[in-house]
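The sequence and the structure come first, and the notes follow by topic.

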Amino acid sequence: MTLLQSLLLGIVQGLTEFLPVSSSGHLAMLHSFFGIESGENIVAFDLLLHLGTLIAVFIVFYKDIWALIKAFFSMMGKVFTGKFSWRGLAAEERMVIFVIVATLPLVVVKLLDLDVMVEKLSASLLAVGIILLVNGFVLFVSDRFHKGNRTMENAKWYHALGIGVCQMFATLPGLSRSGSTITGGLMAGLDRESAVRFSFILSIPAILGASVFKVPDLFEQHTDAAQWMVYLAGMAAAAVVGVVAMKLLNYISKKSNFKIFSYYCWAVGAAAVIYSLIG
């Protein structure tokens, strides 16, 4: 992999991890375009790209993350001292529970061992294109929901679970994780700003979980120091662009709707389908 390819893939990862247009779908298409095969130490590079976007989340939401860490330990203290009650929980402690509940569907996906199926779909440009078309439809429908006024502070556990189920389907390449979770939040009656914020926070355990399962594969690969530097450049690009993408989506969610992203997904998805059929 060249430095230019690494930087381009890092930029695309940073943008599409948070903008609702599917990072997995775009990376799969670029891998096909560049002729990058899964055997070319791509696991290490993919892991670094995800860590880059995780760094971006920590940069933008470091205050929220620190508050959630403290809330987790304070909640555990209430559990072990017998003082735990739902009504007695602070807003940050309820948010910790919502994040845990919303992450459970991803655990189910891992237990079902669907990785092979996802890899096969990622290798098919036709499949990725079709799923991108579906993603565009999901985004288009999300704008049809009436704007709710619920925040996560007054949400229920089943709202978080519903958002988590939406995230579970986003393991398919071409179906955006952020787009699916934001749509799930809007369906639960969240206001757009709360839906976007919860989607970003929910990305932390999702990215961490995916990264942890890939660590053992790193020991099976042999990558020289020069290639590691190329990979790290892509990771840095993903982190920097990820920060920009999150701020951009926050701005768009306050000022506009997601129609522009649905049109984009339809255009890219249609191009991928056509190219796979005639290419």
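**Helix packing and a pocket**

The crossing of α8 and α9 is right-handed, a crossing being right-handed if the near helix is turned clockwise from the far one by less than a right angle and left-handed if anticlockwise. The model is a predicted one, in which local features need pLDDT of at least 70 and side-chain atom pairs count only at pLDDT 80 or more, while totals for chains, interfaces and linings use all residues. Residues are numbered from 1 along each chain as its sequence is written, and side-chain values use heavy atoms, with hydrogens and water left out.

**α8 with α9**
- Helix α8 (residues 157-169) and helix α9 (residues 177-187) have axes that come within 8 Å and cross at roughly 155° (axes are lines fitted to C-alpha atoms, for helices over the stretch in contact, with angles from 0 to 180 degrees between N-to-C directions).
- Because of that angle, α8 is roughly antiparallel to α9, a term used for angles over 145 degrees.
- In this contact (heavy atoms within 4.5 Å), I163, C166 and Q167 of α8 meet R177, S180, T181, G184 and G185 of α9.
- The contact residues of α8 and α9 comprise 2 nonpolar, 5 polar and 1 charged, where Ala, Val, Leu, Ile, Met, Phe, Trp, Tyr, Cys and Pro count as nonpolar, Asp, Glu, Lys and Arg as charged, and the others, Gly among them, as polar.

**α5 with α8**
- Helices α5 and α8 pack with their axes 7 Å apart and at an angle of about 35°, and their crossing is right-handed.
- From α5, the residues F98, V101, A102, P105, L106 and V109 meet W157, A160, L161, G164, V165, Q167 and M168 of α8.
- By class, this contact of α5 with α8 has 11 nonpolar, 2 polar and no charged residues.

**α7 with α12**
- Helix α7 (residues 125-142) packs on helix α12 (residues 259-278) at an angle of about 160°, their axes lying 7 Å apart.
- That angle is why α7 counts as roughly antiparallel to α12.
- The crossing of α7 and α12 is left-handed, and the residues of their contact divide into 18 nonpolar, 6 polar and no charged.

**The second largest pocket**
- The second largest pocket is lined by 13 residues, among which L68, I69, V99, I204 and P205 lie nearest its centre.
- The elements giving two or more residues to this lining are α4 (62-80), α5 (91-111) and α10 (192-218).
- The lining of the second largest pocket divides into 12 nonpolar, 1 polar and no charged residues.

Definitions and conventions. Helix = DSSP H or I, 4+ residues; strand = E, 2+ residues; numbered from the N terminus. Parallel < 35°, antiparallel > 145°, perpendicular 65-115°, else oblique. 1 Å grid on protein atoms, 1.4 Å probe; cavity = no way out; pocket = protein on both sides within 12 Å on 5 of 7 lines; lining within 4 Å.
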